[in-house]
Amino acid sequence: MEVLKIAGWVLFYIINAILAFHFLLPVILFILHCFVKKQKNVTDASSTGDENICYAAIITAHKDTRFIPPLVDSFIKQSYNNFILYVVADACDVTGLDYSDKRVVMLRPEPSLNSKIKSINYAIDNFVKAHQVMVIFDSDNLVHPDYLKRLNYYFKKGFKVVQTHMLSKNTDSTYAKLDSLGHVFYTFIERQAKMELGLTSAILGLGIALDTDLYKEISYNNVIGGFDKKLQSQLAIKVKQIAFADDAIVYDEKVEDGAALEKQRTRWIYSYFEHFQDSWNLFAAGIKTASMGRLLLGATMLRPPMFLLISGAFLMMLIALIIKPIICIIWIAILLIFSINFLLIVATQSKQKGIVGSMIYIPLVIFRQVKSLLKIKAAKSDFLKTEHTKIIYIDEILKNEPA
């Protein structure tokens, strides 16, 4: 009985320590960010004009061509000209999508692929020339006119994998702002702060640029869903550092309503559990190789969704209130510090209008995430694709956003 009691206390302290780590890490990263000397913006570096690298930009579209013209338009307006744009129009009617620009290659696979991973591989198999670097996009994305010019700097510096900076294409609804709000926070703690410290950054499923030969080494057990999770875990083991290009901007559409956000979060939660083993493998590799970058990225991948972390913290507070009141007080302090830090990060890092003010609606996100958890079984049989509606051209965005 005494052994069980001791084991119970040990488990209680371990759970508290793990939860506390995830709340305090963003605080530590923000403090270090305030003291780290910032590098000069690479936009001013004349070396970015060297166009010896021919980039392969891959767009994966599925059953919808509405967003292809705006994205192609944003590429045609690139200040860096050495690229080929491969548009994989899977199960799409490509009538009217005929471009005279030889840098735009339209691909329509037969039979339909119904998979982002298969579409990427199809583009690679149909490259019209050798490409040292490939960049992956969703069809609803847009890129800043200097996107490739700024990205080029990082590959000239020797990086093999670079995640570019995603901003919101739309911030005209409450849920779009809330979606953007979360992205601002996670972009800072998972990418920008780590890049400043020389640590490996987390990637996204879009705007990820990488050495083409390196991508060919990636293996997928499942070609449906979880593309970014599998890619991230393997790339982080293969390279010393995944870089983050803060000034290479790609725009992505945010969810417009609660139902869309719920569907999106259901897919994300399912992906978290589905790829738990990949996350653990990366964490273990960080320990084995004594790599702080891999260790922290692995810990990030193992971190449950924020609303589950907050739920866990409150559960520990209630238990502590009964068996160890001092820990309850410590948790109150931790959550207060985390909340203040969250506000500071969003207030100082947000680059778009209206994001900061949306924080008063955060309970809406928590409510929708709880509902999404209850529907997680649906993600096993349905990919739960997020529907996009905003057809916007890059010139319209640039009129309202700082370059």
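T300 is buried in this predicted model, with a relative accessible area of 11%. That value sits under the 20% cut-off for buried, so T300 counts as buried rather than partly exposed. The residue belongs to helix α10, which covers residues 292-302. Leaving aside residues up to four places away in sequence, T300 touches E190 and K194.

**The whole chain**
- Zooming out, the protein has 403 residues, and 54% of them are buried.
- Its secondary structure comes to 15 helices and eight strands.
- Take the contacts with a separation of 6 or more: 80% of them join residues 24 or more positions apart.

**The α11/α12 pair**
- Helix α11 (residues 306-323) packs against helix α12 (residues 325-349) at an angle of about 150°, and the axes are 6 Å apart.
- Because angles over 145 degrees count as roughly antiparallel, α11 is roughly antiparallel to α12.
- As for handedness, α11 and α12 make a left-handed crossing.
- On the α11 side, the contact is made by M306, A313, F314, M316, M317, A320, L321 and I323.
- From α12 come P325, I327, C328, W331, I332, L335 and F338.
- Sorted by type, the residues of this contact are 15 nonpolar, with no polar and no charged ones.

- P111 lies in the loop between β3 (104-107) and α3 (116-125).
- N114 is also placed in the loop between β3 and α3, and its phi is positive, near 55°, though the residue is something other than glycine.
- With a relative accessible area of 42%, N114 is partly exposed.
- K63 is another non-glycine residue with a positive phi, here about 60°.
- Look for K63 in the loop between β1 (55-62) and α2 (68-76).
- K63 has a relative accessible area of 60%, and since exposed means over 50%, K63 falls in the exposed class.

Conventions
Residues are numbered from 1 along each chain as its sequence is written. This is a predicted model: local features need pLDDT of at least 70, side-chain atom pairs count only at pLDDT 80 or more; totals for chains, interfaces and linings use all residues. Side-chain values use heavy atoms; hydrogens and water are left out. Helices (H or I, at least four residues) and strands (E, at least two) are DSSP runs, numbered from the N terminus. Buried means under 20% relative accessible area, exposed over 50%, partly exposed in between (1.4 Å probe, protein chains only). Contact means heavy atoms within 4.5 Å. Axes are lines fitted to C-alpha atoms, for helices over the stretch in contact, and angles run from 0 to 180 degrees between N-to-C directions. Angles under 35 degrees count as roughly parallel, over 145 as roughly antiparallel, 65 to 115 as roughly perpendicular and the rest as oblique. A crossing is left-handed if the near helix is turned anticlockwise from the far one by less than a right angle, and right-handed if clockwise. Ala, Val, Leu, Ile, Met, Phe, Trp, Tyr, Cys and Pro count as nonpolar, Asp, Glu, Lys and Arg as charged, and the others, Gly among them, as polar.
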